[in-house]
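This report concerns the fold of individual chains and the contacts between them. The sequence and the model are shown first.

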Amino acid sequence: MNILSLLILIPLLTVVGILLVKSDQLIRKITLAGSALQVIFASWLTAQYVSLRHAGATAQMLFESSRVWFRPLGINYHIGVDGISLVMILLTAVVVLAGVLVSWKIEKQVKEFFFMLLLLSVGAYGFFISLNLFSMFFFLELAVIPKYLLIGIWGTGKKENNAMKLALMLMTGSALVFLGIVGLYFASGWFGGEHTWDIMKLSHMHLPMNVQVILYFLTFIGFGVFTGMFPFHTWAPDGHSSAPTAASMFLAGISMKLGGYGLLRVATYLMPDAAREYSWIFIILATIAIFYGALATLMQKDLKYMNAYSSVSHVGFVVLGVAMITKVAFAGAVLQMVSHGIMTALFFAAIGMIYDRAHTRMSNELGGVLKQMPFIGTVFIIAGLTSLGLPGFSGFVSEMTVFVGSWVHTGIFYRVATILAAASIVITAVYILRATGFAIWGTITRKEYALLKDASWNERWAAVILIVGIVLIGLAPFLFMHLINADVQEIFNHLHAG
Amino acid sequence: MEQVPLAHLLILSSALFFLGIYGFFTRRNMITMLMSVELILNSVNINFIAFNKYLFPNQLEGIFFTLFIIAVAAAEVSLAIAIIINLFRKFNTVDVEEVDTMKF
Amino acid sequence: MTLDNIVLLIPLLPLLSFLLLGLAGKHISVRFSGVIGSVILGASLVLALITAYDYFFAIGKQGGEFIPYLTAQLNWLPFNSDLSINLGLVLDPISVMMLLVVTFVSTMVHVYSLGYMKGEERYTTYYAYLGLFTFTMLGLVLSTNIFQMYIFWELVGVSSYLLIGFYFSRPSAVAAAKKAFIVTRFADLGFLIGILMLGYGAHSYDFFTLIDRLSHPGSSYLVAMTGASFLGMSTLTWALILVFIGGAGKSAMFPFHIWLPDAMEGPTPISALIHAATMVVAGVYLVARLFPIFAVGAPDALTVVGYVGAFTALFAATIACTQTDIKKVLAYSTISQIGFMLFALGVAGWGPGKTEGFTAGMFHLFTHASFKALLFLGAGSIIHAVHSNEMKDMGGLRKSMPITHITFLLAALAISGIPPFAGFFSKEAIFSAAEQSNPIIYWVGLIAGTLTAFYIFRLYFMIFWHKTPDAHAHNHEKGEWAMMIPMMLLAVGAVFGGFIPFGDFISATGKPLELPIELSHIILPVGLGVLSIVAAAILYRKESDVPQRIVNALGGFYRAAYRKFYIDEIYLFITKKIVFKLMGRPSAWFDRNVVDGTVQKTGSLTIALSHAIKRVQSGKLQAYTMYFFGGVLLLVVLLLYKFA
């Protein structure tokens, strides 16, 4: 059996484990052990990958293997990883672990809750290792349904409506993606000589321009919905506002990245000519998302809405990086996915911790968090500083990489887009500092808040794990850059070969 | 003996058929509706017999078919009446207008 | 220990202090945390002195010229084979000078805070933040790469933010911290875009590669960047002006000066360290770092620097004359003095006899650090004793605070440019450079210099004279040695700092430069300074109603200056009315109602449609049969139509 399948098997076995036991405490422990094991395995895999590369492995994908799944339609379980998918896998593993830790205190239907969380992570891992479009789609869908249930059952507020909106919009996105990949399947038969779902094979085929254009828009918009690309982003704020903390972390930390990865690996990589020709449309959309998302964030009082809108703005950098089509911008997009994934998970974790205690998320109703709960306050400030792109944390590295990559284009259009995107980091500073000033600094607003306790051990660990991730990228970006450099170069070359 | 022309038989069966349809659409009582269905079936039976007699007098398929239909109709009636009795137990009526819970 | 390790240790020691006190602060007794921080900083200062000695007298000079010494290089973020962010440390005359200034003032402030912050609730955190700031500031001055400088630039910004907001339960402190960060962030946007332009044009972010490629006439990079133009200015000029906008933000130049007076909400030693001596001169340092490019590639940009500096110097000095909060006066004074440094750089040029302004600006930066830090520490000890920032609560303090009185007076004389104090030498150098190259700037500077002497002595007389001393007042300074010793040490700098032969060490080219002092040049500035001191003495030594009458006579102008020329209100208008009301609110509304509205509408339309067609499924048996029969009929009709 291929070693990569363990990425799917470990969470699946954990699921079996929690189905077999009865005690809630045991369920939590098993899930925690499973996700911790997954982090260790993902790190080990990365080490293996690096040492293989050092030993001179030149294949585009390593640990590749393929098995027939359904022969009549040519569907294979074809897996393999390169640097880009590896960093995404690492991201998933870290966020899942932190999410499990944060959800430690959930009392309602514990078994089902962790079952859903793990199922979602199976979807994400499967998506990132798939090299077959059909199995990729399969895993993508696997990651959607649990979200609906997580929000619908364990959520707060207008949870039914918001869960429904999220599920329907994401389903629309997957419908577009599905049309796109089915189109690729048939197009490969008509123009490439062989019906195939296989990304590696498809990348060698040269499809006619008009076919590429249709498929490019279908897949880009489809994955764009997952990414939260303007104007298909509104599932995000509402979904987050109702989601339980761990679901928010998964949603913004992992789920939006499924879309970003798809934009790069499917939409851009497989339709190179169309991407070169039409990516300017998405540059416009991304710039709007970045700038206007930041402006809309200014007005949010609910901390979760604030972070959700800020995610729309930040994920705009991913779309911008992908649409800019330069090697550095691609690298920036990948880094931004990882960085934003961890950062936003940390942010939602901090907001969740505050909400659990104070039962409000309104920045104007809070105050004095830092004084009353120094740990949580500090976590919030660190997440905020990462969000506004402070050097030393991950956000700076990825945003600068996107800017430098975008600046390679000389046209005034690209310049304006880049400057507007860069201007958004000023607005980011405004809303982050406003929220910090209102909610975290100042004095406590209600008497009963004086009784609130600081973070418990599980929350501390969750925060520390994520902060380590942020700081690691922020201080040693070259590690990650070396990991993905060859692969973004490959995608870039591919785009400019035709 | 002068034979009855085929057209007459067809007119009779059509009349029976549309009487059955009419009864089925207008009657509210389920038993009556069932009777209307029987009328329709019988009109079909007449058609079979008539065509068998006039078109293929040496063959018996039409008569067999009629016999089958009578047998099936008997089974169907017993089933239908069983359903109607159950509906009556539940709704206390055999008015078809009242029994409309299977909607939306 | 080799020099490389020493240089590396200088910034790492304060970082260690930060990590130690920040992460393990709970386990360290409050009594020791301040001492630990101060000792670590003291070690850093010693290492800085060793480095300075090594650099200036042993390794720095080759062939009569100071050359940069690079160490600890790290390829931090490789973008491309030819473009990457490298981290590293550089020793050259200006970075070594800044090294001394930062470690010295920081050590003084550490020691001073032992007394000043005693009994504070978050005492350990305070020292942790101090360590963080010192680390980032040292990282900034030692940067070899413009992106590295930007990194530390942001980091000093955030440590400044944390320290201004140190008393975070006070709403005014929260607002001030936010304002400081956001205003400088806004300016940094210019810096960032300037960096991107420079990096794109010269294919490097390293300072020395940039200078090499962009300051030699005929270099292909320089030709490309000066050749392309946008709105009448060359790309290089744009890039440098944008970079300077970043510098202007950090250095509180007009129109970005508004954050600095508010930043006085922080603890006073912080104001001395960050908002007087070190961080706010980062903009000057940045321009000095890129000086060859400014001077050779884009003299227009340098002219902009000069005018912005001169205007701010005068503008801030005017406001300083009207303020009543002593820290605000000092804040505006700082803004004004940084204006002096910048216009000194602005009037300099490239070539023999033109670079004097560079040395003069750096010199003023150096001397200003000691006397302005001293003024702030003095103000701190006054506030510590009086528990108020307002001048009207003071007066007649010379008896109860003798050491503060003497040191404050020395610093005031130094800032006024009275010989033989430190400020005299640096200001003379600035004036002489300006007089040669730009008469407008020279006269503006002269007026600003005159006002400087006036407002600082107004402050001095209001604090220490003005009222008759209370005969029974006890000595406020008793037992506060932690506070008094740093002040005395800084006073030494303020008095004797000017005698350093500065030009021998620091010049634009690396070659020694003579800073001439001619009597004919001295008379006017010094004379005006003395006159202003006399005027201030007449007006403020004794309580009288003369100042009030002058205020009344000045009328509107005074009020405008007192209200800081309404710049804050303009900013408030822009942010509240334009950014929030005209951009933020419509965006949020648009998103909720139009974008999300479309989504919701799609949903509700689908539901309405299904409500409309669900009537078909009535549950009525006969209706269904009717449909069925109708369908059959339709088919029959169609078939008949087709075949008949």
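What percentage of the 498 residues of chain A count as buried? In this predicted model, the buried residues make up 62% of chain A.

**Chain A as a whole**

Chain A contains 20 helices and two strands. Its radius of gyration is 21 Å, close to the 23 Å that the globule rule gives for 498 residues, so chain A is as compact as a globular protein of that length. The C-alpha trace of chain A spans about 75 × 60 × 45 Å along its principal axes. When contacts in chain A between residues at least 6 apart in sequence are considered, 80% of them join residues at least 24 apart.

**Contacts with chain C**

Chain C touches both chain A and chain B.

| Contact | Residues from the partner chain | Residues from chain C |
|---|---|---|
| Chain A with chain C | 36 residues from chain A | 36 residues from chain C |
| Chain B with chain C | ten residues from chain B | ten residues from chain C |

On the side of chain A that touches chain C, at least two residues each come from α7 (159-192), α12 (272-298), α15 (369-372), α17 (394-406), α18 (412-440) and α20 (477-497) of chain A. The most is given by α18(A), with nine residues. By residue class, this side of chain A divides into 27 nonpolar, six polar and three charged residues.

**Elements of chain C**

In chain C, strand β3 (residues 69-78) pairs with strand β4 (residues 84-91) in the antiparallel sense, over seven bridges. A hairpin of five residues joins β3(C) to β4(C). Within this pairing, T71(C) stands opposite L89(C) in β4(C).

Helix α20 of chain C covers residues 481-496. At 1.5 Å a residue, its 16 residues should span 22 Å, and the end C-alpha atoms of the helix are 22 Å apart, which agrees. The buried residues of α20(C) are M483(C), M484(C), P486(C), M487(C), L490(C), A491(C), G493(C) and A494(C). Which helices of chain C do the buried residues of α20(C) pack against? They pack against α3 (93-116), α16 (356-386), α17 (402-416) and α18 (422-437) of chain C.

How values were computed: Residues numbered from 1 in each chain as written. Chains lettered and ligands numbered in written order. Predicted model: local features only at pLDDT ≥ 70, side-chain atom pairs only at ≥ 80, totals over all residues. Helix = DSSP H or I, 4+ residues; strand = E, 2+ residues; numbered from the N terminus. Expected span 1.5 Å × (residues − 1). Buried ≥ 20, exposed ≤ 12 C-beta atoms within 10 Å, placed from the backbone. Contact = placed C-beta atoms within 7 Å. Pairing = 2+ DSSP bridges. Rg over C-alpha atoms; globule rule 2.2 N^0.38 Å. Nonpolar A, V, L, I, M, F, W, Y, C, P; charged D, E, K, R; others polar.
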